[in-house]
Amino acid sequence: MLIGIDLGTTNSAVAIWQNGEARLVPNALGELLTPSAVGIAKDGQVWIGTPALDRMAGHPQDTATSFKRLMGTQRTARLAARDYKPEDVSAIVLEALVRDVEALTGEKPTEAVITVPAYFNDRQRKATRRAGELAGLSVSRLINEPTAAALAFGLQDKGDREPFLVFDLGGGTFDVSVVEMFDGIVEVRASAGDNRLGGDDFDDALAALVKPRLDPEGMLAQIPDERRQALLKRAAERCRRALSTAGEAEFVLTIGETRLAATVTEAEFEAAAEPLVRRLREPVVRALRDCAIDAAELSEIVLVGGATRMPVVRKAITRLFGRFPNSSVHPDHAVALGASIQAGLVGRDAALDEIRITDVCPFTLGVEVAEQDRYGGLQRGLFSPIIERNTPVPVSRVNSYSTMGDGQKQIEFAIYQGEAREVSGNVKLGQIAVPVPPRPAGEVSAEVRFSYDSSGLLEVDVHVPLSGESHNLVIVDEEDRPDRKDIEKRRAALARLKHHPREEAGNVALMARAERAYEDHIGELRQMIGHWITEYAGALDTQDPRRIADARDFLATRLDEVESASPL
Ligand code: AMP
């Protein structure tokens, strides 16, 4: 079975295409969104999603969140004394989603369409595909998130649509796509974005604003870094969400016996978020300019991604486009639903017979060159584009380059992605050196062909006509080139982790929630929660389903009461 997965920075979701319809699959707790959070204990026990988030305040060093932001880098997360690559942790989330589909349909999916931010570079895409492989999935397609959302939006009532713009601001990334739909063809005209901008940054801005007020005595400085960050982040997110529905909200943090609190108004938050809001404008302008469409020609501004719920972002959009955005697709569900529509397309489902989709390469790809200037000097480190941004994909383009030195024996091509004139301002993707017959400068040329496929993966071929030789490079970081054996080894390591049995998911989640409540409070209430937890643990130990059910109801009701009495 083929499934569609939205592997998000904050939340992930999985959908299936079934009986001519896209459908989200609930997790073991009945949630349609699974927080992209993983906690691992020393004994290899794993927590995924909401329970992992609840457990985080007490075990920040053993919990990973926002790991999507590190995809394609060499950074690792250290959980329970072992290093995990971002793709390993992603694989743990993907496996959980696979199990959810299996629980619903009775069938284990083996193939998936996974979404990535349009602005993800080649390394980030390859890391995502590896995450799928590590989770035992063959990834038939990577599809851009705004494109998936456009599919979900475009197919809502199947009519033709004037150009519309998908504005996708998630937890960690920002993408803009201009899309048109006619005669069943969903055509992405242009994409642009910023893969380092999302709700997380608004959390940081809010925390920075509040910290001096919240903590005049510098208590926070005495807490270990990781724990401080985790506490601030969680408090900031809660406060920011509250600000989405109220003019002011309290920023609350509990450290041991001390409760730190400060009130933030929407206006203060807006001012603090101003530099971030300004960064939303440029990708919009660039995408519109690249496809020569005027903002006035857009029929709709479609909002996707949880962070578009922030009033400060909605206001900015309204100002930017001079009209209110469209909220007819569910901002958190559209991407996964669109991915499952793409899965239906890959699987050639009859209900999708007339639909086709065309996407673009959202950034420029090229090589490093040197140019002779008119004074005889050599300007090095310049970028020579081969595939210009927003070219429809799949695409294959070739450019020819000549030697610059007499008797030169090889030409080295460094491959870059980006828009800067000098390669130092772009992202290096790889390098290939090809031998050439020694001749006077300029007499030997090499043809460099870039092929960019529909999943956004790049292949480079270099042909030297004089020698007749060809060389091929599939771009992967050298140190990051895992072979089959490595993938198998990492899969085996993931397989050794201990998952809670599915039928216990509710109990595990409730325990994590109760422990979080314990950490959040002080004094008598904290003691009381501790007592409830002991009782609940005792009931679990009896393994008597009736007692467990009673104890669970009791604890859940008490926690509801405690939480509804909280200041937020
Ligand atoms: P996504 O990556 O699309 O799941 O988006 C997650 C981001 O949306 C996170 O930064 C959340 O804090 C943010 N978010 C979700 N709901 C809200 C809300 N009601 N108000 C403000 N931000 C929200």
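Biologist: Is the crossing of α12 and α14 left-handed or right-handed?

Modeller: A crossing counts as left-handed if the near helix is turned anticlockwise from the far one by less than a right angle, and as right-handed if clockwise; the crossing of α12 and α14 is left-handed. This is a predicted model, in which local features need pLDDT of at least 70 and side-chain atom pairs count only at pLDDT 80 or more, while totals for chains, interfaces and linings use all residues. Residues are numbered from 1 along each chain as its sequence is written, and side-chain values use heavy atoms, with hydrogens and water left out.

Biologist: At what angle do helix α12 and α14 pack?

Modeller: Axes are lines fitted to C-alpha atoms, for helices over the stretch in contact, with angles from 0 to 180 degrees between N-to-C directions; helices themselves are DSSP runs (H or I, at least four residues), as are strands (E, at least two), numbered from the N terminus. Helix α12, residues 505-520, packs with α14 at about 35°, and their axes lie 11 Å apart. With contact taken as heavy atoms within 4.5 Å, the residues of α12 that meet α14 include Leu 510, Arg 513 and Ala 517, and those of α14 include Arg 552, Leu 555 and Leu 559.

Biologist: How are α13 and α14 oriented to each other?

Modeller: Angles under 35 degrees count as roughly parallel, over 145 as roughly antiparallel, 65 to 115 as roughly perpendicular and the rest as oblique. The axes of α13 (residues 523-542) and α14 (residues 545-564) come within 8 Å and cross at roughly 160°, and the two helices are therefore roughly antiparallel. Among the residues in this contact are Trp 532 and Tyr 536 of α13 and Phe 554 and Leu 555 of α14. By class (Ala, Val, Leu, Ile, Met, Phe, Trp, Tyr, Cys and Pro nonpolar; Asp, Glu, Lys and Arg charged; the others, Gly among them, polar), the contact has 11 nonpolar, 1 polar and 3 charged residues.

Biologist: At what angle do the axes of helix α5 and helix α6 cross?

Modeller: The axes of α5 (residues 199-214) and α6 (residues 225-243) come within 9 Å and cross at roughly 100°, which makes α5 roughly perpendicular to α6. Glu 237 and Arg 240 are among the residues that α6 brings to the contact, whose classes are 6 nonpolar, 1 polar and 6 charged.

Biologist: How many residues surround the ligand?

Modeller: A residue is near a molecule if one of its heavy atoms lies within 4 Å of it; here 14 residues surround the ligand, and Glu 237 and Arg 240 are among the closest. A polar contact is a pair of N or O atoms within 3.5 Å, and a polar side-chain atom of Glu 237 lies 2.3 Å from an oxygen atom of the ligand. From the backbone, an N or O atom of Gly 171 lies 2.8 Å from a ligand oxygen, and one of Gly 306 lies 3.1 Å from a ligand oxygen.

How values were computed: A polar contact is a pair of N or O atoms within 3.5 Å; within protein, one must be able to donate a hydrogen and the other to accept it, and residues adjacent in sequence count only if both atoms are side-chain atoms.
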